[in-house]
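Me: I would like to learn how to read a fold like this one, feature by feature. Could we begin with the sheet and then go on to the core and the peptide bonds?

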Amino acid sequence: WIIKFCDTTIFTTISNELNDFTASVYPNPSNGNFTVELLNGLMAGDITINVVNTLGQTLYSSQENISFPFKKEIQLQDVADGIYFLSVTSQSISFQQKILISK
């Protein structure tokens, strides 16, 4: 795993012998509106995007059939300020990112 910090955007790259997976979540921190961007990947197909709170309760869940590049806007204005965890999973990838909501 290579984590690169660039302003407030965090890019995570997972490399293997065949492909690279690159994802970004921005802005972070935000007022509750986030963008998840998958720039390339191990496969196109079905993914699940979840946002959970620190108690493990799911606040947002979406299943997407994707191709690359992929961009999804997530709106969480109705949740309290705090730390949350965003995950993107499929059969071949798993990406987790801590997100901060501050209004």
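Me: In what order do the four strands of the open sheet stand?
Reply: As a general idea, strands of a sheet pair through backbone hydrogen bonds, either parallel or antiparallel. In this predicted model, the four strands of the open sheet follow the order β6-β5-β8-β9, and their pairing is antiparallel. Because β6 and β9 stand at the edges with a single partner strand each, one side of each has no neighbour in the sheet. On average, and with direction ignored, neighbouring strands here are turned by 15 degrees against each other.

Me: How many bridges join β5 to β6?
Reply: Eight bridges join these two antiparallel strands, and one place to look is Ile49, whose bridge partner in β6 is Ser62.

Me: Which residues touch the most other members of the largest nonpolar core?
Reply: This core has 21 residues, and those with the most contacts to other members are Leu38, Ile49, Leu76, Leu86, Val88 and Ile99. Among the elements that give two or more residues to the core are β3 (20-26), β4 (33-40) and β7 (70-75). Once neighbours within four places in sequence are left aside, the contacts of Leu76 include Phe34, Val51, Tyr60, Ile99 and Ile101.

Definitions and conventions. Residues numbered from 1 in each chain as written. Predicted model: local features only at pLDDT ≥ 70, side-chain atom pairs only at ≥ 80, totals over all residues. Heavy atoms only, no water. Core = buried A, V, L, I, M, F, W, Y, C linked by side-chain atoms within 4.5 Å. Buried < 20%, exposed > 50% of the residue type's maximum accessible area, 1.4 Å probe, protein only. Contact = heavy atoms within 4.5 Å. Pairing = 2+ DSSP bridges. Axes fitted to C-alpha atoms, helices over the stretch in contact; angles between N-to-C directions.
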